[in-house]
Amino acid sequence: MALITPINTSLCLEQLCASNFQKLLQLIPDLAAIKNAAVGVAPRHANLHLTVIDHSPYTLTVELNHCFSQHLDGLLAPALRICIYMDAQLAEVLSDNDRASVARTFPDARQSREIMHYKWRLNYFLQKWLDHCLGKNYRFTS
């Protein structure tokens, strides 16, 4: 995944975030109506859990992960924290269980090139994961 880096990371990142927003809505059609949590199920696959972290008029921050155990306190992975901009129709990964947020990883804002590449990798992973989940026909209920 680290080897795939677009030439114009900024433009491609925006397009990637727009694509991820559409895929999230495809996967979770009632996304805007979910208040606390929802579970996605697919035959013979680990449940997909969505937890609402923050809800404001124009944004929704959620955590999305698979639960590889019968109990909710079991292994939850990859635990992506995603900010969904409802008005701009963008979904941006803020962090995952393996990588810290951009602000913690790059406290110096002058590292803009590295920040863009970091964001690209996080959001590219989300795109591939959403494609996988859509391919497995996950269905969500609140």
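This is a short tour of selected residues in a predicted model, taken one selection at a time.

**Stop 1: helix α3 and its aromatic pair**

Select residues 112-135, which make up helix α3. Within helix α3, pick W120 and Y124, which are 4 residues apart and therefore separated by about one helical turn. Their rings form a stacked aromatic pair, with the centres 5.7 Å apart and 25° between the planes. The structure holds 2 aromatic pairs, and the W120 and Y124 pair is one of them. W120 has a relative accessible area of 8% and is buried. Y124 is buried too, with a relative accessible area of 15%.

**Stop 2: Q127**

Stay on helix α3 and select Q127. Is Q127 buried or exposed? Its relative accessibility is 14%; because the cut-off for buried is under 20%, Q127 counts as buried. Now show what surrounds Q127. Setting aside neighbours within four places in sequence, the residues in contact with Q127 are L16, S19, N20 and K23.

**Stop 3: from K23 to D131**

D131 and K23 form a salt bridge, and their closest N and O atoms are 2.4 Å apart. K23 belongs to helix α1 and D131 to helix α3, so this pair ties together parts that are 108 residues apart in sequence. The two partners can be compared by their accessibility. K23 is buried at a relative accessible area of 14%, whereas D131 is partly exposed at 31%.

How many salt bridges does a search of the whole structure find? There are 3, and the tour visits the others next.

**Stop 4: K119 and E92**

Select K119 in helix α3 and E92 in strand β5, which spans residues 90-95. Their side chains meet in a salt bridge, at 3.2 Å from N to O. The parts that this pair ties together are 27 residues apart in sequence. With a relative accessible area of 22%, K119 is partly exposed. E92, at 15% relative accessibility, counts as buried.

**Stop 5: strands β3 and β4**

Move to E63 in strand β3 and R81 in strand β4 (residues 76-85). E63 forms a salt bridge with R81, the closest N and O atoms lying 3.7 Å apart. Here the linked parts are 18 residues apart in sequence. E63 is partly exposed, with a relative accessible area of 21%, and R81 counts as partly exposed at 30%.

The side chains of N65 and E63 make a polar contact at 3.4 Å. At 3% relative accessibility, N65 counts as buried. Then select P78: N65 and P78 are 13 residues apart in sequence, and their C-alpha atoms are 5.4 Å apart in space.

**Stop 6**

Finish at I28. Where does I28 lie? I28 is in the loop between α1 (9-27) and β1 (37-41). I28 counts as buried, at 1% relative accessibility. To see what I28 touches, select I34, L50 and F140; this leaves out residues up to four places away in sequence.

Note on methods: Residues numbered from 1 in each chain as written. Predicted model: local features only at pLDDT ≥ 70, side-chain atom pairs only at ≥ 80, totals over all residues. Heavy atoms only, no water. Helix = DSSP H or I, 4+ residues; strand = E, 2+ residues; numbered from the N terminus. Buried < 20%, exposed > 50% of the residue type's maximum accessible area, 1.4 Å probe, protein only. Contact = heavy atoms within 4.5 Å. Polar contact = N/O pair within 3.5 Å; in protein donor to acceptor, adjacent residues only side chain to side chain. Phe/Tyr/Trp six-rings, centres within 6.5 Å; stacked < 30°, edge-to-face > 60°. Salt bridge = Lys/Arg side-chain N within 4 Å of Asp/Glu carboxyl O.
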